[in-house]
There are 2 protein chains.
Amino acid sequence: MDEQYIAPLENLIQKIRLLPAVGRKTAIKYAMRILELPPDNADAFLFAIQNAREKIHRCSKCFNMTEGELCSICSDPRRDASTICVVEDIRSLMAVERAKGYRGVYHILDGTISPIDGRGPENIHLLPLVERVEKEKTKEVIIATGMGVDGETTSMYISRMLANLPVKITRLAYGLPAGGELEFADEITLLKSIEGRQEIIIS
Amino acid sequence: MDEQYIAPLENLIQKIRLLPAVGRKTAIKYAMRILELPPDNADAFLFAIQNAREKIHRCSKCFNMTEGELCSICSDPRRDASTICVVEDIRSLMAVERAKGYRGVYHILDGTISPIDGRGPENIHLLPLVERVEKEKTKEVIIATGMGVDGETTSMYISRMLANLPVKITRLAYGLPAGGELEFADEITLLKSIEGRQEIIIS
């Protein structure tokens, strides 16, 4: 049985539990800290939430977060708009950006298809992708969803939806991670790494 | 190098890091969730923070959280006001309440003395305790700070400050936990448990 705190605190604890993976104990710790914040910090905290929610919306092209109509990537003329990298979420986009070297644009799905979790194609931004590829005459779609079951399901589904369009569809390569030793690789990764072997061409 | 998100999001991430033990990755997750909350939930979240900060203050007697002048424990006539249990924080108070059986009142220190962390006696509510014991002619003070170094230091300090007053000063017992097996007890606990042995009186 959980003890009850006084009503305003109890209410705050409940609301903090809206955050992902925050249980009651963590919510209590956060609530206590919020109550202890100096007024300036508390005001800044509240303002940050309101301001972020007001100012940030989704890019009308790729669903990245933006303050304007188009995100900084879609509106950058140096990016190759004919190549679209399809990712599950903004954190995936940031990961690809962090790797540098990719000069195309993105399309954020906001999730994956997951029959087990009851998420179908209609729950992610799939149709806007198809419309975009058709309209913009995209040359290549790189599917960069995760390499797990849901990511693969989503990848297959996207491939099929785009199959009739004149666009090249590619998928991230499976393989060993940089610096990875064979003895520590799981069997599936190792097998995929062998299947995807690349010819060494000595020029 | 951490990537930068757009300014309102970056600001929100920084503010979320005011919460205890929240690193950048967790803050990003929380920020994303806050942005995704339906408007009703977001409003309730903001209101909960504001409301809790406005309504909740400290009990003028014991520093417990309260909406009124006195907390629910200090204002409860069934509680024995002549026995004060001194705890580090509200979570400790809740733990004692959860154990049931204690019918006295509390005094919350809001921390411990910790020379290593630069916290001295002036950083916790010690003087109000001494004044309270003097004024209310308290019969017993049970020191229930933690059993670690800081808790013990604080306990010793409190004992000395109250030494000249006509009040009984007691400390929580060290010993084995209920259901604890000897083979798993650490040496200090076991030794303290032997030192604090209780006579069995067969009536």
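Let me begin with a definition, namely that two strands count as paired if DSSP finds at least two bridges between them. With that in mind, and remembering that this is a predicted model, I would like to start in chain B, where strand E3, residues 80-87, and strand E5, residues 140-143, run parallel and are joined by four bridges. To give one residue pair that you can look up in the structure, Thr83(B) has Glu140(B) in E5(B) as its bridge partner.

These two strands belong to an open sheet of four strands in chain B, in the order E4-E3-E5-E6 and with parallel pairing. Strand E4 (104-108) and strand E6 (168-171) of chain B are the edge strands, each of them pairing on one side only. If direction is ignored, neighbouring strands of this sheet are turned by 25° against each other on average.

Now to the helices that lie across these strands. Helix H4 of chain B, residues 90-98, lies across E3 and E4 of that chain and runs at about 160° to E4(B), while helix H6 of chain B, residues 149-162, lies across E3, E5 and E6 of chain B and runs at about 170° to E6(B).

What is the count of cavities of 30 Å³ or more? The count comes to one, and the largest cavity holds about 50 Å³ of space. Its lining draws on both chains, with Ile16(A), Leu19(A), Tyr30(A), Ile34(A) and Phe45(A) from chain A, and Ile16(B), Leu19(B), Ile34(B) and Phe45(B) from chain B. By residue class, the lining of the largest cavity divides into nine nonpolar residues, with no polar and no charged ones.

Definitions and conventions:
Residues are numbered from 1 along each chain as its sequence is written. Chains are lettered from A and ligands numbered from 1 in the order in which they are written. This is a predicted model: local features need pLDDT of at least 70, side-chain atom pairs count only at pLDDT 80 or more; totals for chains, interfaces and linings use all residues. Side-chain values use heavy atoms; hydrogens and water are left out. Axes are lines fitted to C-alpha atoms, for helices over the stretch in contact, and angles run from 0 to 180 degrees between N-to-C directions. Contact means heavy atoms within 4.5 Å. On a 1 Å grid over the protein atoms alone, a cavity is a set of points where a 1.4 Å probe fits but cannot get out, and a pocket is an open set with protein on both sides within 12 Å along at least five of seven lines; lining residues have an atom within 4 Å of a point. Grid points are joined across faces, edges and corners, and a volume is the space filled by probe spheres set on the points. Ala, Val, Leu, Ile, Met, Phe, Trp, Tyr, Cys and Pro count as nonpolar, Asp, Glu, Lys and Arg as charged, and the others, Gly among them, as polar.
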